[in-house]
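Please walk me through this structure, taking the helix packing, the sheet and a few local backbone features in turn.

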Amino acid sequence: MFHKIQTSNILCVGAGGIGCELLKDLALSGFRRVQVIDLDTIDISNLNRQLLFRSQHVGMPKCTVACEVATNMVPPLTLPSDDGNDDDDDEKPTNNDNNNTSNNLPSILYQAHHGNVCDTSKFNVPFVKQFDLVVNALDNVEARRRVNRLCLAADVPLIEAGTTGYLGQVTVIHKSSGVACYECTTQETQKVYPICTIRSTPSMPVHTIVWSKELYKLLFHSKVDDSMLFEDPEGEEPSTYMAAVSNLRNSEEDKDGLLFSKAVRDVLHDLCSTEIQKQLDMGRYKAAKKTPTCLDVSILEKGMTAITPPSSTTDIWSLEESVTALATCLREAQTTPNENLLEEFDKDDDMAMRFVTAASNLRSSVFGIEPLQSLYSAKGIAGNIIPAIATTNAICAGLQILQAFSILKRQLMLEQDRSSGGEKENGDDVAGLQLDKSCFYVNCIRNRTRNGLYLTAVPLEKPNPNCFVCKNAVIPLTLNVNEWTLQELLHRVIKGRLGFEEPTLMLQGDFIWEEGDGADEEEFKMNLPKKLSQLPCGGIQHGTVLEIDDNSQSLNVCVTITHKDEWDGDEAPEDFPFVVGALPPKKKDDVENKPAAGAVAVSSTEPTKSVNADNNDDDDDVVLIIDEDEAKIDTVENGGKKMAAKRSIDENADGEKPTKKAKTKPSKEDNNVEVIEIED
């Protein structure tokens with residue numbers, strides 16, 4: 001078994017929080033052939049939990065440094081003493097790279113690939129096929145989805161893991177073993193808040209932080225109308241603040257800075273006072289639990305005249321300090337060259353983070369929202385971060401290694417059975433790996449169960465019969481074929497929602513769009529602006545079956561189209577809506593406006609329950625209507641970027657279930673919960 005460990009080829013995707021622990025464990029366990037893919041470089045904030053990195057490594061690629069350090073951690077080989085005595089004391093250590101031929105072992109090679117695993121030109125199915133197994137240490141849905149599909153196509157076992165604070169999960173995915181893949185359970189996407197809530201009726205700190213990020217975009221983005229706070233200066237209703245915003249954006253540096261300071265003051269006054277008073281005069285807040293109050297002019301004046309901005313990252317700034325911080329950020333932005341000024345908010349940009357913290361606290365004060373946020377806590381919300389716990393990463397990495405041992409043991413047994421004649425003792429053909437019999441879904445929980453357990457294991461689940469990735473299920477799609485263009489379908493649904501990389505689309509056997517190696521996109525470019533109903537081959541109509549093929553992922557599925565003209569009530573967003581997941585279309589006269597059961601397990605803002613081991617999927621259906629205007633809001637996310645937690649065997653000692661299955665319908669309490677994405 002140890003020889004199998006030393007000679008196996010392992011692919012590790014990710015070299016962050018879990019990845020560092022994983023590479024350490026791989027090296028100390030004796031794995032000699034490991035390749036690592038990671039896109040990131042080392043930041044100073046990584047040093048407190050990613051143990052392979054030191055301060056001198058800041059700015060270097062994570063995978064490169066991690067491979068160098070892990071290589072030196074592989075234990076040296078030990079050979080018996082010359083007298084044949086096998087006592088441990090008599091064993092002689094040897095150089096790792098010496099005597100490999102006599103021991104039939106490969107030399108140590110930890111190879112780094114600094115790149116994106118979603119790069120189809122390099123990381124494809126043939127690349128994955130060279131490995132005995134793949135271990136994931138990722139922190140985003142897109143990359144997880146990509147690796148999941150590559151491993152399914154290559155039929156290579158994948159060990160998936162994810163952590164959220166003190167919670168973690170580890171599972172195994174393998175197509176031939178008949179177990180669920182990553183996409184069998186719908187992964188939650190961004191938590192979306194209505195625009196009207198962000199703009200007019202905020203009630204939580206996260207609302208004001210989202211508003212502040214949009215204000216950042218309004219003031220600094222080259223396309224001012226990209227911000228949801230933008231108001232057309234020539235619109236029917238005059239804006240209270242756009243004139244001041246335009247003046248600030250166009251202001252030039254003056255000698256004494258008085259003109260610029262006045263422009264800053266005007267923007268803050270119009271946003272925090274004039275606009276609020278306008279809404280009060282319109283009676284917008286008559287039924288509100290809390291009525292907003294205009295920012296006191298004295299606070300604005302004191303903050304603008306102060307010289308020294310606040311510097312603490314953990315203390316909550318006063319309102320005057322928040323005004324000073326905002327004014328300071330705007331002055332810094334004015335003197336920063338355009339090419340160096342970030343148009344989009346970035347939590348790791350110091351000026352952008354100070355701007356959002358100060359602006360959100362001013363707005364929270366206006367609307368009576370508590371508590372106000374320190375820069376540190378605001379960064380946790382604005383940057384979608386739950387503080388990573390190094391111990392949880394270490395535990396989950398260790399669990400991945402144990403799963404790897406189980407997989408390699410099954411591979412070794414299968415190799416031995418095949419080498420002995422390809423039959424079992426009873427004469428049957430040698431079975432496959434059957435990892436469902438040796439591997440488990442393991443939960444790492446914060447509160448022990450009644451049995452005193454902090455780790456709970458359940459059998460690997462069966463595939464979701466509605467999963468279009470591993471079960472090739474038909475995908476029902478409902479939209480208005482007379483409004484949607486092919487370009488919108490490709491961008492929003494096929495690539496955005498379903499995760500295809502290089503899709504080729506076919507209608508009745510003829511191509512209407514083609515991507516990938518050897519594809520001539522220019523030939524079909526004329527189809528992009530066409531309405532779906534006006535495409536060649538009769539167009540996409542009600543009842544059309546659209547075939548999608550992606551050679552980069554060895555994925556081929558069919559999409560059945562249901563046409564829908566009207567969207568009633570809550571189903572009527574401003575932008576063109578669509579529904580992924582509904583029954584295949586009936587005859588036109590029989591079509592119901594109400595989506596039905598039978599939804600496909602694909603990404604949505606509401607998760608489906610993961611499939612139970614008994615394959616009871618009656619409650620696994622979800623229908624989602626997407627408002628793309630709202631989806632553009634950059635808000636906080638939850639652990640949906642990690643794997644959905646599964647039901648544990650026992651309740652914890654406090655009578656609570658430590659991990660729960662994702663729910664099809666959110667409860668009322670869920671609407672008030674701030675859900676935040678993790679960072680590895």
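The model is a predicted one. Helix H12 (residues 319-335) packs against helix H13 (residues 350-366) at an angle of about 140 degrees, and their axes are 9 Å apart. The crossing of H12 and H13 has a left-handed sense. On the H12 side, the contact is made by Leu319, Ser322, Val323, Ala325, Leu326, Thr328, Cys329, Leu330, Glu332 and Ala333. Facing them in H13 are Met351, Arg354, Phe355, Ala358, Ala359, Asn361, Leu362 and Ser365. By residue class, the contact of H12 with H13 comprises 12 nonpolar, four polar and two charged residues.

H13 also packs with helix H8 (residues 205-220), where the axes come within 8 Å and cross at roughly 125 degrees. The crossing of H8 and H13 is right-handed. H8 contributes Thr208, Ile209, Trp211, Ser212, Lys213, Leu215, Tyr216, Leu219 and Phe220 to this contact. The residues of H13 that take part are Met351, Ala352, Phe355, Val356, Ala359, Ser360, Arg363 and Ser364. The contact of H8 with H13 divides into 11 nonpolar, four polar and two charged residues.

Is Pro202 buried or exposed? Pro202 has a relative accessible area of 8%, which is under the 20% limit, so Pro202 is buried. Leaving aside residues up to four places away in sequence, Pro202 touches Thr197, His207, Thr208, Arg363, Phe367 and Ile369. Pro202 and Gly368 are 166 residues apart along the chain, while their C-alpha atoms are separated by 9.6 Å.

The loop between H13 and helix H14 (375-382) holds Pro371. The peptide bond joining Glu370 and Pro371 is cis, with omega about -5 degrees.

The next part is a sheet. Strands of a sheet pair through backbone hydrogen bonds, either parallel or antiparallel. Here, eight strands form an open sheet with mixed pairing, in the order S5-S2-S1-S6-S7-S8-S9-S10. Strand S5 (109-114) and strand S10 (455-459) are the edge strands, each pairing on one side only. On average, and with direction ignored, neighbouring strands of this sheet are turned by 15 degrees against each other. Strand S1 (residues 9-13) and strand S2 (residues 33-38) pair in the parallel sense, over five bridges. Leu11 has Gln35 in S2 as its bridge partner. Helix H15 (residues 390-419) packs on the sheet and touches strand S6 (133-136), strand S7 (158-164), strand S8 (167-173), strand S9 (440-444) and S10. The direction of H15 makes about 20 degrees with that of S8.

Cys537 has a positive phi, near 60 degrees, and is found in the loop between helix H17 (521-524) and strand S14 (545-550). With a relative accessible area of 24%, Cys537 is partly exposed. Ser554 also has a positive phi, near 50 degrees, and lies in the loop between S14 and strand S15 (555-563).

Conventions. Residues numbered from 1 in each chain as written. Predicted model: local features only at pLDDT ≥ 70, side-chain atom pairs only at ≥ 80, totals over all residues. Heavy atoms only, no water. Axes fitted to C-alpha atoms, helices over the stretch in contact; angles between N-to-C directions. Helix = DSSP H or I, 4+ residues; strand = E, 2+ residues; numbered from the N terminus. Left-handed = near helix turned anticlockwise from the far one by under 90°. Contact = heavy atoms within 4.5 Å. Nonpolar A, V, L, I, M, F, W, Y, C, P; charged D, E, K, R; others polar. Buried < 20%, exposed > 50% of the residue type's maximum accessible area, 1.4 Å probe, protein only. Pairing = 2+ DSSP bridges.
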